[in-house]
Amino acid sequence: INAEYMGTLSECLFFFAMAGADAEDRPEASEDESAAAEEPSDSESDGVPADAEAATAPDVVKPAAAASKPAKKTSKTTVSKPKSSAPSITKPAEVEEWILKFLHEKNRPFSAINVVDMSSGAIKKAAAEKSLQSLAETGRIACKDLKKAKIYMARQDGYDIPDADKIQLLEAETTQFKTEYTELEKENENLNQKLRQLVAQPTDVEADCRLRSLEEECSTKSKRLTLLQAEAPAVDAARISQLELRYAAARVQWRKRKRWVKEMVDSICGDSKDPKSLMSELGIETDEAVGCTLEETEVAVKKSKS
């Protein structure tokens with residue numbers, strides 16, 4: 001009896017432990033599930049305790065219920081078309097009134113597409129074409145058919161057209177205004193040029209500072225020249241004349257030999273080869289290549305009479 005009692009007790013404890021682990025793994029029960037749990041089971045109503053059924057039930061472990069994930073709501077993004085800046089005009093009478101007023105204000109030719117563009121989208125193309133055609137047929141505006149397109153304009157009989165004398169007077173005034181404008185433009189350019197010259201000139205303060213700086217520089221260089229003249233030995237005039245003659249003769253030889261080399265290289269190359277490539281192969285250096293030219297090395301001396 002004791003062995004059977006101990007076996008039954010150990011089985012109960014094992015199933016109680018498994019039931020507790022299963023409860024921890026499951027999510028919290030809803031109110032409906034908790035209410036259903038509180039109701040007595042069929043086995044209890046029949047007088048059989050639940051612990052006894054658990055003891056006799058086979059060892060089956062139920063998998064934990066997977067947590068339900070909320071469904072993602074996908075919302076479609078709609079791109080709204082930009083609204084026109086002007087309110088839409090849809091009634092035919094209002095469209096005709098707007099077009100008639102517009103043509104009289106501008107008083108120049110327009111096509112149906114131009115009218116639609118100038119209305120900032122308030123008038124549709126079909127409505128504009130229909131209203132323009134209706135206005136032209138009733139004679140309220142003028143129409144010119146150019147085969148590829150129709151041009152509409154306000155009738156000119158309602159405007160004050162000047163006569164020939166008035167036109168001539170207006171042309172004379174226009175010519176006078178053009179002359180005055182040209183003169184004023186020249187005067188403005190002269191004033192701007194004088195202004196630029198005045199702005200470029202230094203002020204009195206800047207001129208005084210520059211003058212003092214030059215005077216100090218001149219004084220310093222004069223003192224240095226005096227010291228050099230006192231310390232340096234005097235050079236004989238004959239020696240100076242001899243050096244000048246040698247310098248002039250050397251420059252003459254420089255020009256001659258430069259010309260001879262150029263003529264020789266040109267004769268060898270002819271039209272078949274580039275003179276620069278031949279001079280590079282022979283190792284001939286030009287004045288420009290070494291950065292020394294006759295003009296840059298010239299010294300102001302008396303020319304030789306020879």
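Ser 131 sits in helix 7, which covers residues 125–137; helices (H or I, at least four residues) and strands (E, at least two) are DSSP runs numbered from the N terminus. In this predicted model, local features need pLDDT of at least 70, side-chain atom pairs count only at pLDDT 80 or more, and totals for chains, interfaces and linings use all residues. Residues are numbered from 1 along each chain as its sequence is written, and side-chain values use heavy atoms, with hydrogens and water left out. With a relative accessible area of 4%, Ser 131 is buried (buried is under 20% relative accessible area, exposed over 50%, partly exposed in between, with a 1.4 Å probe and protein chains only). Beyond its neighbours within four places in sequence, Ser 131 is in contact with Pro 92, Val 95, Glu 96 and Ile 99, contact meaning heavy atoms within 4.5 Å.

Glu 96 is buried at 19% relative accessible area, whereas Arg 140 is partly exposed at 41%. A salt bridge here is a side-chain nitrogen of Lys or Arg within 4 Å of a carboxyl oxygen of Asp or Glu, and the whole structure holds seven.

Helix 10 (residues 237–269) comes next. Its 33 residues should span 48 Å at 1.5 Å a residue, and the end C-alpha atoms, 49 Å apart, agree with this; the expected span is 1.5 Å times one less than the number of residues. Ala 248, Arg 251, Val 265 and Cys 269 are buried in helix 10, and the buried residues of this helix pack against helix 11 (275–282). Gly 270 follows helix 10 with a positive phi, near 65 degrees.

Lys 258 pairs with Asp 287, the closest N and O atoms being 3.3 Å apart. This pair joins helix 10 to helix 12 (residues 287–290) across 29 residues. Asp 266 pairs with Lys 262 at 3.2 Å between the closest N and O atoms; being four residues apart in helix 10, the two are separated by about one helical turn.

As for confidence, the protein averages a pLDDT of 77, pLDDT being the predictor's confidence in each residue, from 0 to 100.
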